[in-house]
Amino acid sequence: MLVSPWVVAEYTTDASIQQTLDQVSTQTNQLNQRLSSVQRQHDRLLTNEAALNEHIIALTGSGLVFRVLQEQNINLPKLDFDPGLSDLIADARLTQFNVSQQQQEIQDNPNDYPANVRLPELQDRLQELVVTAVSLQQAQHELTETADRLRSSIIEQLFWIPSNPAFSLSWFTTAPGALVQQLTRLNDQFSVSLTPGDLSLWHWLGALLFLPAVALYWLRPRLKTALATTLKTGTAAFYLPTPQTGSTAEAETAGSNPLSTLLALALTAAITAPVSLTLLAIGNLFSGPQAPNTLVLGPALTAIALSLFVVQFLRRILAPGQVAEVDFQWPDKARQTLHTFVRHFACVLLPTSAVLTLAVQQGAALSNDVLGPVILIVASALVAYFFRMLLKQLPSGFAPAGVRWMLNLVLVLLPLSLVVLTLTGYYYTSLQLTGRFLATFYVLSGWVIAEASARRAIEVSSNRLRLQREAEIQVLREQRDAQRAKDPDKLQEPLPDMTAELRQVRQQTQRLVRFLLLTGFGGLLYWVWADLVGVFGYLDSLVIWQYGTAESPGSMSLLDLASFFFIVLLSLFLAANLPGLLEMLVLSRLSLRQGSAYAITTLLNYILTGIGLVLALSSLGVSWDKLQWLVAALSVGLGFGLQEIFANFVSGLILLFERPIRIGDIVTLGDLSGVVRQIRIRATTITDFDRKDIIVPNKTFVTDQLINWSLTDTVTRVIVRVGVAYGSDLDKTRALLLSAAKANPRVLDEPEPQVLFLNFGASTLDHELRIHVKELQDRNPAIDEINRYIDREFKRADIEIAFQQIDIHLRNGEGLDKLISRQPPQSSQ
């Protein structure tokens, strides 16, 4: 680290100035030496970069390309920046300022200082030091940028070129001898660092992992007992209290704690960890700097420790009576199938992890590896077979058909693709992908366990909330029974229905948890694959076709085509899920009118789809100046050939913006009445009161007369018509009708109910009871309850509800005599 003790010196005497000049000169000489070294490295690196491209072109198709690239990658400079360089520049500038102040002091008081003070010389030396330090800092940055650029280019090319000879008849002829040579060299290649002088602080700290391993092994019986108690009682062992409830079934459900599954998983991990921690400690001791042509055993032991922990953890939670059966409640057949798969998969995972870490360390010697490709081919084929048998044996209801098809595509074809890559000589590429696939398997396993744990916690919390609400409803039911016993004729309010509310709360919680899991594990997956994202830039050099003119040429690469499909799929995914997520996280917390949230999410769906389409076409080189003519042509076509569809689309936008109808509104359109369920781009779905879905074009709502019963207010008027017999007591009739309205809880007090005697009918005295109800669904129930009340109370008050009567009048018997005289005589027998 560079230091500058001359910062605080007083530059008033020749001795102090000379001392500072000597220090500055020494610092400048050191910086110049370092600057020359960095510049030489940079020039050599630029020369190697140009020569490397020539070598790659000359050796195209040869197996030596991989060795050349690996040697260049190993020899790239790894420059460590001196953190004191920036401090040195700052101190030098501060010293310059102090010298300037001293010069000003001498000029103001020349009689107080010697005449031969060499401050200008000191200023020049300090300026030289600053320039040299800044040049060194810039040269270091340039060297680092060049090295990083060259390293990225080398890694990209290593990924896309064959590293080993392809499997052929000649390979099988030379493989036995090469395998014997490799096994002979293998013993000499292992590097073990166990000398106390070679062990760093990190090694000694890693060795401390033996302590928790021993402690967990000693506590294993107690941990198993605590795990059994947690799984049996459904509570967090003896740390969380279990609430008391009435019945045994309710106690079993309500006693389950949402954290019990997490504790059970933690106890399972603690029981599984001792062996893995021991291997991890040993691997840390065997880790050390890798000398040329050597292999370090530590990373292999670390990889085995991680794989062993994952396998043992999965096997234990899938065992009978463990977390998967008790808490996750997975079907027995599915759990047993997964348990068998994990046992078979372990036989492949453990050796593959070790071979993978050792093979990566070989560097340029990887092209001579014979044992590694064979192990990787066999392991990948077995993994594909195990996954195929797993998906075949799982119950049909374990996953939807589309998900099972996707799992077959990914879990079976990807391992087989590694087999093909290795057979064709892309061994290095297979190793890089295999490492990411294993890490992806670990992440996805964690995803499945976390999702099942969250679902269990939501289920337990929902059951507790359901039991609490059921207890509240039971109290209300008992109160109703007590009131009914006192007053049997009094109308009772209906009991609240908590089913829909609980279902909505549960669905919202599940969506939020899934979003959080998607964010967390999606970030982990990106971290796993992030270092390989850059290698796909090589696809940009693979041109599929060219277009344009000589003045403005253009080309379509494989990367552009892949970007097109990725943007399309991402846009469809966001358009399908982001509006719902926005509604759950934001819109549901705002005071929006009914249907407003649906309108916002639908418009967001359209916007995301449109933006995705534009970006996808842009990735193919289709800019807006080329799209505008297409849009104009489509507009003309829409105007003539698709005018009805276009009219319905525009009408749908009008419905979403003006909102004459909203989701959940009760509307009447001609002879059709029902509830608005969906407003789509072309048509709107209405569910009538017979629960039939009717698809109505959006244009109809804009051009025809529409009745929206709940547009501004859900309060509506209900008319109950009653006809009483002539001679009835009209005052008593009026009083009973008003009491029927006031006794009904559905009838609003404001506006007040009205009773009107409107007509002298043929047989009845016609009355109307006019009431208002708050909700539309209260109309028919209110009419039913009021009619029953009227029928009961009118009977008690001796008021007759009249019905139509017909009077028949006979004038006299003359007409009957004439009719009889016209009948023909009866023949005698």
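Analyst: A residue counts as buried under 20% relative accessible area, as exposed over 50%, and as partly exposed in between. Glu800 has a relative accessible area of 43%, so it is partly exposed. Please bear in mind that this is a predicted model.

User: Where does Glu800 sit, and which residues does it touch?

Analyst: Glu800 is placed in the loop between α24 and α25, the latter spanning 814-821. Leaving aside residues up to four places away in sequence, Glu800 touches Gly723, Val724, Ala725 and Ser728. A related pair is Glu800 and Gly727: they are 73 residues apart along the chain, and their C-alpha atoms are separated by 9.4 Å.

User: Is Ser728 buried or exposed?

Analyst: Ser728 counts as buried, because its relative accessibility is 17%. Ser728 belongs to the loop between β10 (716-725) and α23. A polar atom of the Ser728 side chain lies 2.7 Å from the backbone oxygen of Ala725. Not counting residues up to four places away in sequence, Ser728 touches Ile799 and Glu800.

User: What share of the protein chain counts as buried, and what is its secondary structure?

Analyst: The protein chain has 829 residues, of which 37% count as buried. Its secondary structure comes to 25 helices and twelve strands. Of the contacts in the protein chain with a separation of 6 or more, 73% are between residues 24 or more positions apart.

User: How should I read the packing of two helices?

Analyst: Two quantities describe a packed pair: the angle between the helix axes and the distance between those axes. For α23 (residues 730-742) and α24 (residues 779-796), the angle is about 140° and the axes are 9 Å apart. The pair is therefore oblique. The crossing of α23 and α24 is right-handed.

User: Which residues make the contact between α23 and α24?

Analyst: On α23 they are Thr733, Leu736, Leu737, Ser739 and Ala740, and on α24 they are Ile786, Tyr789, Ile790, Glu793 and Phe794. By class, this contact has seven nonpolar, two polar and one charged residues.

User: At what angle do α11 and α13 pack?

Analyst: Helix α11 (residues 297-318) packs against helix α13 (residues 332-360) at about 175°, with the axes 8 Å apart. Angles over 145 degrees count as roughly antiparallel, so α11 is roughly antiparallel to α13. Among the α11 residues in the contact are Ala300, Ile304, Leu308, Val311 and Arg315. Those of α13 include Leu338, Val342, Arg343, Leu349 and Leu358. By class, the contact of α11 with α13 has 15 nonpolar, four polar and three charged residues.

User: What should I expect of the backbone angle phi, and which phi does Gln329 have?

Analyst: Most residues other than glycine have a negative phi. Gln329 is not a glycine, yet it has a positive phi of about 55°. The place of Gln329 is in the loop between α12 (323-326) and α13. Gln329 counts as partly exposed, because its relative accessibility is 48%.

User: Which phi does Asp798 have, and is Asp798 buried or exposed?

Analyst: Asp798 has a positive phi of about 60°, although it is not a glycine. Its relative accessible area of 70% makes Asp798 exposed. Asp798 is located in the loop between α24 and α25, which is also the place of Glu800.

Key. Residues numbered from 1 in each chain as written. Predicted model: local features only at pLDDT ≥ 70, side-chain atom pairs only at ≥ 80, totals over all residues. Heavy atoms only, no water. Axes fitted to C-alpha atoms, helices over the stretch in contact; angles between N-to-C directions. Helix = DSSP H or I, 4+ residues; strand = E, 2+ residues; numbered from the N terminus. Parallel < 35°, antiparallel > 145°, perpendicular 65-115°, else oblique. Left-handed = near helix turned anticlockwise from the far one by under 90°. Contact = heavy atoms within 4.5 Å. Nonpolar A, V, L, I, M, F, W, Y, C, P; charged D, E, K, R; others polar. Buried < 20%, exposed > 50% of the residue type's maximum accessible area, 1.4 Å probe, protein only. Polar contact = N/O pair within 3.5 Å; in protein donor to acceptor, adjacent residues only side chain to side chain.
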